[in-house]
Amino acid sequence: MANIGLVSVTNNQVILRDYVSGFPKESDLYIAPTTVDLRVPPGSMAVLVKNLYLSCDPFSRIRMEKPDPSSPASVARAYSIGKPISGYGVAKAIDSDHPNYKNGDLLWGRVGWEEYSVITPTPSSHFKIHHTDVPLSFYTGLLGIPGLTAYVGFYEICSPKKGETVFVSAASGAVGQLVGQFAKLAGCYVVGSASSKEKVDLLKTKFGYDDAFNYKEERDLSAALKRCFPEGIDIYFENVGGKMLDAVLENMRTHGRIAACGMISQYNLKEPEGVHNLASIVYKRIRVQGFAAVEFFDKYSKFLDFVLPYVREGKITYVEDIAQGLEKGPSALIGLFHGKNVGKQLVEVARE
């Protein structure tokens, strides 16, 4: 229970200053104080939570755009100017009027970018944390949306077979670092691309990638892929889009599969880049499928049963880049779009 002697406390929030066009800047976000009651109204089914960790996700960039109903990105509900942004986080229940949550329970799910949030939990937006023998921060990444994304995209959509070749772009990020490890567990040959020598070394020494390259140092991406995959690519886990997707299509094998998870290279462009090798999809009978982890929450228990034993045995590892304090939230989030993070970027708001 919170300190009942207090009616309300200060609640610092990360606020969107204005809608964003092009690359976002730290100044597009600012910290502002408000207050929050430490008790939720009886009969509200609400839960007051103290946020412990917030997940920095590239998807947030899409929600910073001015709402445009005609845009395909409109499926992502835009943030409101002058209001706190939101996303996924790990939190502790402080005061609960919900039958499924009691004070002190830990959960992960949708919360505001603030010190305290009032939520109304649903089975598709919040999940009680039962396994606390692993770091709680893992529920923003390895055991949260990024982990489920890697699992669903690789196993459910790409259906890997032993001996197949796998390419992962943005391979050292929150999702990519796991896809590579899943590929090795499945007996595949896996190569990743990243944006720095440090990240390339991490892929090969920490995550078990068979090979990796810095795409910024490659003048010809198609040639780089041909060098790594002389016989072609069976599975591509797509995180970036643009020129990399074009090069991959040229190097896919017949009946290859592409799981389209994200396209971070396109989020900040006013005019999206075109893709020129789409005919390869027809000629090589390639299957391309976009997906979102939120449509696969029914697989979450299965995912945990699969991944937790590997985590506990040290057979799956996870690298986090943790910014300390809510005030570091804007720089941590914006840094994603400049490749500043190494591993899963998150913000530690408070310790349990």
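In this predicted model, strand 11, helix 6 and strand 12 form a β-α-β unit of right-handed sense. Strand 11 spans residues 233–238. Helix 6 covers residues 242–251, and strand 12 covers residues 252–260. The two strands run parallel and are paired through 5 bridges. Within this pairing, phenylalanine 237 has alanine 259 of strand 12 as its bridge partner.

Strand 11 also pairs with strand 8, residues 165–168. This pairing is parallel too, and 3 bridges make it up. Here phenylalanine 167 is bridged to tyrosine 236 of strand 11. Strand 11 is mostly covered, with 6 of its 6 residues buried.

Glutamate 164 lies in the loop between helix 2 (145–157) and strand 8. Its relative accessibility is 11%, so glutamate 164 counts as buried. The side chain of glutamate 164 makes a polar contact with that of arginine 257, at 2.6 Å. Beyond its neighbours within four places in sequence, glutamate 164 is in contact with Ser159, Cys188, Tyr189, Asp234, Ile235 and Arg257.

Helix 4 comprises residues 197–205. Lys199, Val200, Leu202 and Leu203 are buried in this helix. These residues lie on the same side of helix 4, because they cover an arc of only 160 degrees around its axis. An α-helix has 3.6 residues a turn, so residues three or four places apart point the same way. Lys197, Glu198 and Thr205 are exposed on the other side of helix 4. The buried residues of the helix pack against strand 9 (189–194) and strand 10 (211–214).

The disulfide count is 0. A disulfide requires two cysteine sulfur atoms within 2.5 Å. For cysteine 188, the closest cysteine sulfur belongs to cysteine 158, 9.8 Å away, and is therefore too far for a bond. Cysteine 261 is in no disulfide either; its nearest cysteine sulfur, again that of cysteine 158, is 11 Å away. Cysteine 188 is buried, at 3% relative accessibility. Cysteine 261 is partly exposed, with a relative accessible area of 25%.

Technical notes:
Residues are numbered from 1 along each chain as its sequence is written. This is a predicted model: local features need pLDDT of at least 70, side-chain atom pairs count only at pLDDT 80 or more; totals for chains, interfaces and linings use all residues. Side-chain values use heavy atoms; hydrogens and water are left out. Buried means under 20% relative accessible area, exposed over 50%, partly exposed in between (1.4 Å probe, protein chains only). Helices (H or I, at least four residues) and strands (E, at least two) are DSSP runs, numbered from the N terminus. Two strands pair if DSSP finds at least two bridges between them. A crossover is right-handed if, with the strands pointing away from the viewer, the path from the first strand over the helix to the second runs clockwise. The arc is that of the directions from the helix axis to the C-beta atoms. Contact means heavy atoms within 4.5 Å. A polar contact is a pair of N or O atoms within 3.5 Å; within protein, one must be able to donate a hydrogen and the other to accept it, and residues adjacent in sequence count only if both atoms are side-chain atoms.
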